[in-house]
Amino acid sequence: MAVVPLRRMTKGQKGIIHRVTASGEIGRRLLDMGLVPGTPFQVQGRAPLKDPVAIRIRSFTLMLRNSESDFIEAEVEEVS
Amino acid sequence: MNPHRETMIALAGNPNCGKTTLFNAITGARQHVGNYPGITVEKKEGYCQVNGRHIQLVDLPGTYSLTAYSLEELVARNFLIQDRPSAVINIVDSSNLERNLYLTIQLLELGIPVLVALNMVDMAAARGLAINSEELGRRLRLPVIPTVARTGKGKEALLEAAAQLGQEDAVWEPLHISYGPDIDPVLDTMEAQIRAAAFFTDSLPARWTALKYLEADEEVIRKGKEKNPVLSSKLIELAEQVTQHLQKTLDSYPEAIIADHRYGFIAALLKEGVVKHSHKADRLYLTDQIDRVLTNRFLGPILMMLIIFAAYKFTFTYSKAPVAWLEAGFSALGRFADSSLPPGPLKSLIVSGVIDGVGGVLGFVPLILFMFFAIAFLEDTGYLARVAYMLDRIFRTFGLHGSSVMAYIISGGIAGGCAVPGVLATRTLRSSRERLATLLTAPFMNCGAKVPVFAMLIAAFFSAKQAQVMFLLTILSWAAALLIAKLIRSTILRGPSTPFLLELPPYRMPTFKGLLIHTWERAWQYIRKAGTIILAISIIFWALMSFPALPETEKKIYDEARASILAGGEATQGAGLTARLQAVDSEEAQATLKNSIAGRIGSGLTVITAANGFDWRINVALLSGIAAKEVIISTMGTAYSLGQSRRGEDTPLSNRLAADVSWSPLKAFSLIIFIMLYAPCMATITCIIRESTWKWGLFSFTFNTVTAFIISALVYRGGVWLGLG
């Protein structure tokens, strides 16, 4: 297992939330939406201009900007 | 308890959980939309009866949580605390239990009596999810009732349970959950101190207040400081210690630990025997399939343009006929008043002030109805979220939001829209700074009322390249709106962009009833509120352009001219006679206009507008254009003594200007730029005020006019300097 920021993950890749590094409003929003450590998710896709990113987590789809996805560290299978 | 008293019940739930649909299913047309005092968050109330008992339902804003970060959440929270409804119906999306129950937990921690409406159980079943609602209810110790809001299934059972719960006069019994070994001890200490000092304990559970101190909730801490500064700073200190401890030992902070434990609590709640998965076709699977096309890198943007264009076409095509009927109706009414009232200022007031003014407001109504219908459809199906998803990257560059595009397009981003529904369309934006910047810049688009004015000027001065110039103007208006949005967002509305974090909801077919209710309530608000203000302003404009009347000595000159034409008229043909009489009437109208307050203001402003090449005629036309942009043509017609030309009959004016040596393509272009950018029409300003505050309305009036003046003057002076004049 390796820990990578969400921004570096590719479409279709699965991961587990390792840590949310933001505090304040953005941090709270992410936590409220259920992005707490240990939660599995999958990268659903990226918008036509590569930003924002959409992830499937807890049976819903959430989109967040790349700048916001930088606050999320994910555990993934070793990247090849 | 008196059974005749109204029981107040609040509806709470996440966005996209079907809350509004359920609210509509329960209350039907018996609802009232207003605003919470002083802010623009909508407050919806409805009424219904259960077993002869009157129930007042309050639909709280859709929220994921109850923090102090957003206005919606604050409004929902404060309503629950201050108005203390008898019970809360918490609507929960069955296919998305974990995240939806996160709000439930927070409601329970507040202590308020809650019952859960397990909504969209049909959708969950279609996804292979079976939920044991009785078991869930037993574990949560509250009634859980399965519902399907779209069909109204389960609403009677829900209401009966709610009325029952509301009747019990229950004491608020807050839920206690454990937040682990780091938080719990300090939470207990804080709770004891709060209890001892009776700190907000009349309205709030002590543990809840303690939790909010740990979460560093600005609102609670601010109020706490006012109430008991000593205890408040003690609590802050305790919270600070925990924060530092967590930082050192776990590299975390209280809010994260708290959220973590809430989700842990939910996971335990749903374990073993509440949710049963059977692997059937997934509704999200269908949504994924649709998204594969609709948000595809290449197809997505193309289809988006087509869909937005279709919504735009729908709005403006289908509203054309009813708008024309209303216009015909009002002009018939005008003619009737014209022929049945004695001549004089009263007749002029009723015809030009009241009927034209009210007609101007009601003329927009079909447009607004169709536009809201189209937007409600795009919003309720879930497509609008995809538009925001695809366009956010571009709009964010200018400090806006992906959802801003809708407001721009409706306002005239494709030439011919209208800023009134455009400004109202900004309601789909949830972040305040981006929303304000959007509604302030949307009026720069070339709306349907500016287009005929541009067309007249283009016909006069750029007749060889009409289409190209029109296209250039569309591009210019987009550039102006985006750049000025950027300017506003980096000065007066400076600040980081609000977190995006939008849910991409599964595609759903909205109910027709829901769409109609949605559409009508917004249109009705417009008619009621905008109507009164616009009527008042149009009377003011009428007065400005009619008073003071021409002095008797001047009037006499025109009367004599008419008399002499009539006296010598026996020799001339009938048609020639009318034409000569009309010419005198037009001369008189011009003189009246020039003599009026508006005319004098126009003349006075030439000191400034000389920089743009504008004389008193243009100034007074621009002044009248603040009432409504299409009026510019008819006022210019009067000012050039061409008589009252109606819309669509602007060829004489166009020819007249083309032949005028004081005009040049450069002057026409600087005028076009001015009209594109200056103060929005009063209908739009009224809507801006309604959607924000009167200060922003005033701001948009002054700021836009100053911007228009500067840019148009630069264009004109620059052109003259280059020898183009």
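Helix H21 (residues 466–490) of chain B has 25 residues, which at 1.5 Å a residue should span 36 Å; its end C-alpha atoms are 36 Å apart, so the two agree. The expected span is 1.5 Å times one less than the number of residues. Helices (H or I, at least four residues) and strands (E, at least two) are DSSP runs, numbered from the N terminus. The model is predicted: local features need pLDDT of at least 70, side-chain atom pairs count only at pLDDT 80 or more, and totals for chains, interfaces and linings use all residues. Residues are numbered from 1 along each chain as its sequence is written, and chains are lettered from A and ligands numbered from 1 in the order in which they are written.

Buried residues of H21(B) include B:Val469, B:Leu473, B:Ser477 and B:Ala481. A residue is buried if 20 or more other C-beta atoms, placed from the backbone, lie within 10 Å of its own C-beta. The buried residues of H21(B) pack against helices of chain B, among them H17 (404–413), H19 (432–441) and H31 (694–721).

B:Ala621 lies in helix H26 (residues 616–625) of chain B. B:Ala621 counts as buried because it has 26 C-beta neighbours inside 10 Å. Neighbours within four places in sequence aside, B:Ala621 is in contact (C-beta atoms, placed from the backbone, within 7 Å) with B:Ile632, B:Thr635, B:Met636 and B:Ala639.

Between the chains, 30 residues of chain B are in contact with 29 residues of chain A. Elements giving two or more residues to the chain B side include helix H3 (97–110) and strand S10 (502–503).

Terms used. Buried ≥ 20, exposed ≤ 12 C-beta atoms within 10 Å, placed from the backbone. Contact = placed C-beta atoms within 7 Å.
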